[in-house]
Amino acid sequence: MLLIPCPFCGEREEDEFVFGGDAKRERPTDPTSTSTEQWVDYVYNSNNTKGESLEWWWHAQGCTKWFRITRNTVTHAITPESDR
Amino acid sequence: MTRLQHGGSIDRDQPLEFTFNGKRYQGYAGDTLASALLANGVRLIGRSFKYHRPRGIVTAGGEETNALVQINGTADDPGFSEPNVRATTLKLTHGLDVSSVNCWPNPNLDVGAINSLLSPLLPAGFYYKTFMAGPWDRYAGAIRRAAGLGRVPKVPAKKRYERRYAHTDVLVIGAGPAGLRAALEAAKSGASVMLVDDQETPGGHLLDVKSGDGNHAAIQALAADPQTADLINYVPRTTATGYYDHNLVVAVQRQPDDAPWIYERLWHVRAREVILATGAVERPLVFVNNDRPGVMLASAARTYVNRYAVAPGQRAVFFTNNSSAYGAVFDLADAGITIGAVIDARPEPEQDLIAACRTRGISVYPNSVVIKATGKKQVAHATIASRSDLTRTRDEACDLLCMSGGWNPLVHLHSHSGAKPVYDERIAAFVPGESVQNERSVGACNGDFDFDTETFDIDALWEVGHNGTTGKAFVDYQNDVTTADIDLALRENFQSIEHVKRYTTAGMATDQGKMGNANVIGVVAQRLAQRPDDIGTTTYRPPFTPVSFGALGGADRGALILPTRNTPITPWNLEHGASMNEAGANFRRPFWFPNPGESDASAIARAAIAVRNGAGIYDATPLGKFELHGPDVPQLLNLLYTNRFDDLKVGHGRFGLMLREDGRLLDDGVTFRMEDHWLMTCGTGAASGVLMHIERLLQTELTHLKVYVVNVTSQWANICVCGPQSRAVLQSAGVDIDLSGDFKFMQMKSANVAGVAARVARVSYTGELSFEINARRRDALALWEALIAAGKPFDITPVGSETSAVLRIEKGFISAGTEGDNITNPFDAGLGWIVDMDKPDFIGKRTLMRDLEHDIPRQHVVGLLPEDPEFVVAEGSALLPREGSRDFQGHVTASCYSPTLDRPIALALLKNGKQRHGEEIVVSGLDRSIKAEVTKPVFYDPKGTRMRS
């Protein structure tokens, strides 16, 4: 079980958080004029990164804030966004 | 009796009675079950997993794989049952009742032993090959009964379990000499130190060697040092069972000193640094019948003599390939046990050891091996041969055959942490490799042995080999894996050690290769002419020793397993005989309110009729409720919902449909515009997901929007009065606003109802005229009771969730969780009327555009009228074009008997359903297939005039 550094509450057990996925994914600013290919790629395809991954996490059982961390998916080493 | 006259750390003044296989025995405080059984001359403990071979006690510790027992009761909990407990670590208590596992009627006369005769039919991979063919369900039961070990307990344990959490700078695992020193050093440096150890007292392997040993005394002094005691949080009787990410170690503590009423306590320890001092366990040697009762690890025999004052045999033969066994030889000889011979596989054992044997009158045979143990349920002879000529044999009589094949450092926790052990030629064993987490191994688990001989010398001997003699030589006792099984696996080209493991099951199960793994790797290396480090180890997985479900669950049992949420009306519901059930977001709700003697179905129908014709009252408090504040709420809602909200007037509400970005239903509900904020309602079970969705948008993508959200689900109670008489009920209860005229459907007004300040909304969950009354939680019960009293003349009826579901199916109100099944889009669900594709953007819009571009057949929500007026089709039943067809065209999503229509109805998802109203289709359930007519998904008041009335 990971120990996740919440920028507001400090290090807390993974149990308190909800994983929010790849933080590099961005919703196209104008979906209507986005091509179907681009849109389908945004909605359905996600990278399964090996190594450093910028991720959203939600401190659901705590301060209810969303924040980003960099997690190494191989070693689970975590870098808070403020340290980047 | 085989109890020695003197010695041991047992308390001879405290005799304890216990029962094994129905027979009463006596042991002493300080005994384990294994030592007490050996002291009573009991050698045959149980039968093996697959071949039902007789098995005895091999070890004196947690690595035991043979002497497993079933606990059938303890003095404080006579009904207590626990399977597959290791006799070697089970502390003897007064009144303990245990029996053998995997044998019937008893280990002496075991019917299942026929498996041993059938063994040519049961080689490795037998499962994979056999179960490919034929009707598995016919023979599964018989095979499952024949294999396996203990029995699952039938009644809940009365014993208490709990969980604890700890944070520490340094966690030291193991209180042997190395662990104690490490803990003391760390404590002196100012760090907080937790020291866990699986024994009663510190000392590690020194507890097992002869007392009076100088080193032992030094350790006792160290352990007794008051300074040490102050600095170190020492937790005895605690086994670390798993090492997880970010230095989390899980450990099980038995009967803690601070809370003796706790049977097991599960620790979660987060440590800045972990020091592994888990020691090493001796490994068996691989020769024919090396599993016979009486064949024992040399170190275990030594432990039984020194620690428990038990002679595990009267005439012992030792078989070793290393120098460590001699300490055991001397201790056994000095305790008065006859040593028949010491068989040393090494060509040139140390001269001083040979000399020390000679002074005790013990013969040492260098360059020799034991190729076979004979005797049926008990070893009787060791067949000895020269290593250079295995055909020249002689038999040596013995009732104890002590073996030492070297030592396996306990690298398990190191392996759990993600690191890879590496082979160390010097000790012919795997030792910790490079650390992945902040951990270090010290002492024997790091390969630094501390035996009483000057040096440790070993001649790797993975298996003894054949001279044509037949019989099984086991590499893994627990799973009954033999060298022949490894040969078979290699012959079938399973050559990677991971494949060998899975094909033969060696190193699997609760043992996790503590005893056998090194020998398996060694045998495979030898066969493939490779080195053990080229073969590598398989991954040791948690738990290190089995963890009971009791410990994992802790106090979370019964009512505490899932705390339920109550509404202010719950006490009234319970008082009025409601059938309560858990229904979304942990809320406990009434499902129906049966009258005395009334059937459930009748109670559900009676309430439905009351709502359609008179008045019902429903507690809708669990509904998710959020307040949205800020100037940009309209913008947010326009993006969240498929329809517009920015044009909603104050005092009005609107039904909204919320989608995910993939265009599928997330939730639906009514949102009201209040004077200075907005009030959103959503499905009970969906509330936490909806909140997460909104918070995510606001905090990540729409940070420019000035909106904040407050969850007020528990602050507001919601009582729904529904049915054509609901207006009259409210008026009779006393309400200070006009309930007709300009109070239209989908409006909300502040009002005083029966003396309670409230908000009244005209929305409908049932399709009837309804008033939802939102009141402060503390006022809700009084309001409910006032409404019930006022409704008496109208025969107001309390409505449970099941009735509510029936009313919704009649109206064709879909549920986001059933009809919306991650494939259904709003058009499929008949909710196209609420989707505003002209809005510039909303979440899910772009994917809906794509759905509309593609003309692929989709499943639509339809109604079904089954032809048999008595038969309610099962939810989940398949829809087929005709009887016997395999063309699956959809499934039933909701089904019930409709009291209003007096016939069964159903909602379903059906391929091209919108175009098929009036068609006949076959509904195929598990028991029965029947015909049904496809209809519009609404069975009652299709125009919705009643709810607007």
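Helices, of at least four residues, and strands, of at least two, are here DSSP runs numbered from the N terminus. On that basis chain A of this predicted model contains one helix and six strands, and from the N terminus on these elements follow the order β-β-β-α-β-β-β. The C-alpha trace of chain A spans about 40 × 25 × 25 Å along its principal axes. Of the 84 residues in chain A, 10% are buried, and among its contacts with a separation of 6 or more, 51% are between residues 24 or more positions apart.

Where chain A meets chain B, the contact draws 19 residues from chain B and 19 residues from chain A. On the side of chain B that touches chain A, the elements giving two or more residues are helix 20 (687-701) and helix 24 (845-853) of chain B, and helix 20 of chain B gives the most, with six residues. Sorted by class, the residues on this side of chain B comprise eleven charged, four polar and four nonpolar.

Which residues of helix 19 of chain B are buried? They are B:Val633, B:Leu636, B:Leu637 and B:Leu640, and because they cover an arc of only 95° around the axis, they lie on the same side of helix 19 of chain B.

Is B:Arg654 buried or partly exposed? A residue needs 20 or more other C-beta atoms within 10 Å of its own to be buried, and B:Arg654 has 18 C-beta neighbours inside 10 Å, so B:Arg654 counts as partly exposed. Leaving aside residues up to four places away in sequence, B:Arg654 touches B:Phe645, B:Leu648, B:Val670, B:Thr671 and B:Met746. The C-alpha atom of B:Arg654 is separated by 9.3 Å from that of B:Asn643, a residue eleven residues apart from B:Arg654 along the chain.

Another part of chain B can be read from helix 12 (residues 483-491), in which B:Thr483, B:Asp485, B:Ile486 and B:Ala489 are buried. Seen down the axis of helix 12 of chain B, these buried residues fall within an arc of 155°, so they line one face of the helix. They pack against strand 27 (474-476), strand 28 (481-482), helix 13 (497-504) and helix 14 (517-527) of chain B. Helix 12 of chain B is followed by B:Asn493, which has a positive phi, near 75°.

With helix 13 of chain B, helix 12 of chain B packs at an angle of about 120°, their axes being 10 Å apart, and the two helices are therefore oblique to each other. Their crossing is right-handed, and the contact is made by B:Asp485, B:Ile486 and B:Ala489 of helix 12 of chain B together with B:Val500, B:Tyr503 and B:Thr504 of helix 13 of chain B. By class, this contact has four nonpolar residues, one polar and one charged.

With helix 14 of chain B, helix 12 of chain B packs at an angle of about 50°, with the axes 11 Å apart, and this pair is therefore oblique as well. Helix 12 of chain B passes helix 14 of chain B in a right-handed crossing, in which B:Thr483, B:Ile486 and B:Leu490 of helix 12 meet B:Val520, B:Val523, B:Val524 and B:Arg527 of helix 14. The residues of this contact divide into five nonpolar, one polar and one charged.

A further helix pair in chain B is formed by helix 8 (residues 298-308) and helix 9 (residues 325-334), whose axes come within 9 Å and cross at roughly 35°. Here the crossing is left-handed. Helix 8 of chain B contributes B:Ala298, B:Ser299, B:Ala301, B:Arg302, B:Val305 and B:Asn306 to the contact, while helix 9 of chain B contributes B:Ala325, B:Gly327, B:Ala328, B:Asp331 and B:Leu332. By class, the contact of helix 8 with helix 9 of chain B has six nonpolar, three polar and two charged residues.

Definitions and conventions. Residues numbered from 1 in each chain as written. Chains lettered and ligands numbered in written order. Predicted model: local features only at pLDDT ≥ 70, side-chain atom pairs only at ≥ 80, totals over all residues. Contact = placed C-beta atoms within 7 Å. Nonpolar A, V, L, I, M, F, W, Y, C, P; charged D, E, K, R; others polar. Buried ≥ 20, exposed ≤ 12 C-beta atoms within 10 Å, placed from the backbone. Arc of directions from axis to C-beta. Axes fitted to C-alpha atoms, helices over the stretch in contact; angles between N-to-C directions. Parallel < 35°, antiparallel > 145°, perpendicular 65-115°, else oblique. Left-handed = near helix turned anticlockwise from the far one by under 90°.
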